[in-house]
Amino acid sequence: MRLKHLSLTNFRSLTRLDVELPRRVAVLVGSNAQGKTSVLEAIYFLAAFTSFQTHVDRQIVNFHEAKNPLAVTRLVADYQRGKTKHRLEARLILEPTGVNGQRLRKEILLDGVKRHANDVIGHFNAVIFVPQMAQIIEGGPDERRRYLNLALAQAVPSYARALSEYNQALTQRNALLKALAERGGNSEQLQVWDEALVKFGAQIILWRIQAVQEIERFASRVHHELTRGTEILRLAYEPAYDPLPKPNGQLGLKLDTVIDRSSIELNEIQEGFLSRLKQIRSEEIARGVTTIGPHRDELRFIINKADVSDYGSRGQLRTTLLALKLAEVEWMKDRTGEWPVILLDEVMAELDINRRADLLKYVNTDQQVLFTTTDLSFFTPAFMEGSDIWDVKDGVVQPR
Ligand SMILES: Nc1ncnc2c1ncn2[C@@H]1O[C@H](COP(=O)(O)OP(=O)(O)O)[C@@H](O)[C@H]1O
Ligand SMILES: [Mg+2]
């Protein structure tokens, strides 16, 4: 993957940006609140069609422009995938509705043709690392599901579509469960939603089993190197509907071992999931909500048999996150055949001097990387030699 040109209009404080990218490394330097992170956020937006900072697309529209009744935010990337050149464009269009309302319409164009985001996601790949991502480990399970969803949507074709079908089935099923709980009725109406939930849910579970195992392989190798062989990192995927029976008496206990689910096949997950939904039907009607399935899955990070979110030190947390992100890069290359564009926000400031050197070692000559920093002295002179520097000030990006 090689990003050649980026053009932004009204993206946060970057009212107008038009820039050629270096083949390898760009270091964006500037003081705080100048727009450095926003550049990375924009590039990532073209890979995921969502911001890593917010679920609310409106927030990325330049707020001065948003006062305009027909405000448009545009992101355009020219890039090369394999030997072919492409142009990807995202448009966020604010449109007046009703009396005083405004609604935001999102349009995605690949090579000039309007497409559904779910079908284009994964065409342009990027991996982003920002310090707030410690939330993946420290935050609630929804942070980890979001992490998995964003990574898988880029690397597994049809994942994004299956996930939105699953979420639609889930919403319908929950509405029906609630209605049955409040007003009663024929519970057989659930059958059609059970089947939809299982069709997409089982597929998501299988993809997550495979992906977590593959990412773990890369992450534990990197982590082993970063900790000079003193620690072993493992990733434990814990599906809320678990196709494997739980060991006796361990129900609900946090196990610090990792269970191998790699031999499970799709039809086994489907059958097991469907019959489990039948078993718990009356309980779910009483609660008025779907209690099992990928929307409740968990992912845990285990170092030397202890859960990092419970027992990890700050240093372990950072190293785990770095290993996870570097693993994501390698995994994406493995899955897609292309290096993703790597976006590293203020990472050098977060790392001690040894880890800084380690990180720079991982950046290889085939990869395209964008760093942001407030301080160029974090980078070695040798590294700076092969890098382009961009000054960022007041939403204006100026290559030196
Ligand atoms: N929607 C928006 N419209 C205009 N400016 C914005 C918007 N969202 C954030 N900003 C401004 O962008 C700046 C932050 O940009 P950021 O990329 O985080 O800077 P940096 O990474 O250089 O610290 C802040 O000054 C903030 O007020
Ligand atoms: Mg920043």
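**The sheet and its helices**

Guide: H1 lies across strand E3 (25-29), E8, strand E12 (341-345), strand E13 (369-373), E14 and E15, and runs at about 145° to E12. Here, lying across rests on contacts, that is, C-beta atoms, placed from the backbone, within 7 Å; axes are lines fitted to C-alpha atoms, for helices over the stretch in contact, and angles run from 0 to 180 degrees between N-to-C directions. Helices (H or I, at least four residues) and strands (E, at least two) are DSSP runs, numbered from the N terminus.

This is a predicted model, in which local features need pLDDT of at least 70 and side-chain atom pairs count only at pLDDT 80 or more, while totals for chains, interfaces and linings use all residues. Residues are numbered from 1 along each chain as its sequence is written, and chains are lettered from A and ligands numbered from 1 in the order in which they are written.

The open sheet consists of six strands in the order E8-E12-E13-E3-E14-E15, with mixed pairing; two strands pair if DSSP finds at least two bridges between them. Strand E8 (126-129) and strand E15 (396-399) are at the edges with a single partner strand each, so one side of each has no neighbour in the sheet. On average, neighbouring strands are turned by 20° against each other, direction ignored.

Val-392 has Val-397 in E15 as its bridge partner. Helix H10 (residues 314-336), in turn, lies across E8 and E12 and runs at about 180° to E8.

Key:
Two residues are in contact if their C-beta atoms, placed from the backbone, lie within 7 Å.
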